[in-house]
Amino acid sequence: MTRARTYTLWRQARRVSQGLFLVLFIYFLLKTSVDAIGAPDALPTISAPVGLFLEADPLLALYTILTTGRLYEGMLWALLILAGTVFIGRFFCGWICPMGTINHLVGSIRAGRPKGRARLDANRYRPYQRWKYYGLAGFFGAAVFGSLQVGWLDPIAFLTRAMSLAVLPAWNTAFQGAADLSGSGIFGFANPIFDGTEWLLQHAVLRAKPVIFQSALIVGLLFAAVLVANRYIARFWCRGLCPLGALLGLFSRFAIFGMQKNHSLCTDCNRCALECQGADDPQPGYTWRQSECHLCLNCVATCPEAGIEFRFFPVQEESRQDVDAGRRAVLTSVGAGFAAIPLMRAETGVTRAADPSLVRPPGSLPEKDFLARCVRCGECMNVCPNNALHPTFLQAGFEGVWSPMLVPRVGYCEPTCVLCGTVCPTGAIDEITEREKAWVHVKGAENDTRPPLRIGTAFYDTGRCLPWAMATECIVCEEWCPTSPKAIYFEQVEVVNRAGEYVTLKRPHVDPQLCVGCGACTYACPIKGQPAIYISSVGETRNPKNSILLKTNQPQKPSAS
């Protein structure tokens with residue numbers, strides 16, 4: 001078998017590997033929600049390791065260790081990827097990363113992409129490829145200060161967030177809309193097609209209950225911008241922005257597997273450079289940059305003269321192993337990331353006068369620890385069976401953008417569900433049991449006297465509540481309250497309505513000792529617009545200082561000096 005034929009087979013193996021890992025990634029995303037929509041009375045469960053890609057992400061692993069000072073379960077996979085990178089280079093970028101595969105696919109579409117000399121120029125190494133190292137350094141500075149901000153650009157967190165919060169909900173909405181059009185008779189001729197497709201997808205892809213998310217448009221547009229960039233510069237994200245690629249580039253400089261060039265065989269056809277995915281200058285006569293190579297093997301598979309090859313312990317006279325990023329610029333980036341966090345915390349939000357509407361999922365760590373671990377991947381929002389969790393915008397300050405919060409007007413926290421903690425890859429949401437949550441009766445826990453886990457407290461807006469403001473009977477909130485005994489109770493009163501008639505009705509009240517802040521009352525409130533009952537983070541178990549008892553929350557007088 002010729003060398004060209006061998007490398008062609010290796011390139012095909014790489015394509016198969018990319019496809020399999022992309023399918024596996026999407027499968028885990030779908031399994032994150034599909035298992036949670038089974039029988040209505042069944043406990044939501046997850047039967048697949050849906051967080052595997054996030055747990056195996058070396059960047060998230062290392063930076064979580066920095067912010068928390070602790071190791072966490074699942075790090076072994078990340079260590080294996082780092083060890084493999086030290087041995088053979090950035091194989092994760094070229095063979096596994098689903099974000100890299102999607103960029104690769106979009107960039108490979110021939111229509112509209114640069115051709116000839118323009119494409120050759122676009123595939124040469126360019127200074128913008130240093131940006132990813134500066135980003136890596138900036139996120140490092142933030143992590144040293146105790147804030148995990150790398151989820152903004154980490155490829156696995158970015159892709160999980162985009163797919164969970166924008167792509168899959170949009171796909172579901174689009175298909176449901178098309179099915180509705182078919183059912184209305186406008187496209188009646190397509191009914192058999194839609195019926196058959198819907199039956200197929202309903203059992204594999206579609207959610208039984210369509211979901212929506214706050215900020216989905218912004219998340220979707222950012223993802224679309226990344227994909228469009230591939231039309232001008234192949235894998236622009238991977239080359240210039242990806243901090244995980246930068247980390248693996250640093251480790252790959254020690255790889256013993258690399259490129260060896262033989263310029264005497266080269267005819268300067270530049271096919272290797274035209275097909276290069278990493279812009280690492282593979283053609284003879286140029287300095288090959290080992291830290292930028294994705295090991296896609298396109299260069300050697302397309303070389304007609306066998307002028308380049310990959311081998312262990314290569315002779316690398318035309319290669320460069322170090323990273324092209326100035327020390328001063330890197331240190332400046334670290335300093336910028338370090339300084340950005342106290343600047344963000346200079347405003348209210350994290351430690352003082354937090355937004356009372358910021359209700360975190362059950363099991364969430366105290367806010368500072370939470371922000372030290374949350375990677376904004378959206379897994380908890382994707383798994384939530386009631387569509388109750390949504391990404392924040394500024395409710396948690398700039399430091400907490402896209403972290404999860406409860407929006408009870410859209411959905412409430414299911415009393416029997418603890419899935420958000422199960423899928424959280426870094427432990428920002430502690431993995432609790434239904435018994436520890438204790439919102440409903442749990443078999444075998446009859447003698448357990450521990451208080452339930454609370455995420456907030458409900459309050460009435462008496463200017464909007466029907467019994468309070470309009471002398472009209474309404475007991476919906478009490479009917480939806482899941483606790484036993486119910487946190488909402490009634491006071492029977494006699495009031496005079498506008499007609500001057502005496503009417504007897506029940507006015508609802510909240511018992512803060514029993515309310516757990518699930519939001520079911522807010523979700524069910526029949527008042528349109530602003531509900532008559534709302535949830536505040538006051539009373540949350542994770543922060544004893546955020547207590548409803550005023551004696552523990554007396555503000556301190558400012559110092560006279």
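User: What is the orientation of helix 8 relative to helix 16?
Analyst: In this predicted model, local features need pLDDT of at least 70, side-chain atom pairs count only at pLDDT 80 or more, and totals for chains, interfaces and linings use all residues. Numbering runs from 1 along each chain as its sequence is written, and side-chain values use heavy atoms, leaving out hydrogens and water. The axes (lines fitted to C-alpha atoms over the stretch in contact, with angles from 0 to 180 degrees between N-to-C directions) of helix 8 (residues 131–144) and helix 16 (residues 327–345) cross at roughly 40°. With under 35 degrees roughly parallel, over 145 roughly antiparallel and 65 to 115 roughly perpendicular, these two helices (DSSP runs of H or I, at least four residues) are therefore oblique.

User: Which residues of helix 16 meet helix 8?
Analyst: On the helix 8 side, the contact (heavy atoms within 4.5 Å) involves Tyr134, Ala137, Gly138, Phe140, Gly141, Ala142 and Val144. This contact has ten nonpolar, four polar and no charged residues (Asp, Glu, Lys and Arg are charged; Ala, Val, Leu, Ile, Met, Phe, Trp, Tyr, Cys and Pro nonpolar; the others polar). The partners in helix 16 are Ala329, Val330, Ser333, Val334, Gly337, Phe338 and Ile341.

User: At what angle do helix 3 and helix 4 cross?
Analyst: Pro58, Ala61, Leu62 and Ile65 of helix 3 meet Met75, Ala78, Ile81 and Leu82 of helix 4. The classes in this contact are eight nonpolar, no polar and no charged residues. The axes of helix 3 (residues 58–68) and helix 4 (residues 75–88) come within 8 Å, and the crossing angle is roughly 115°.
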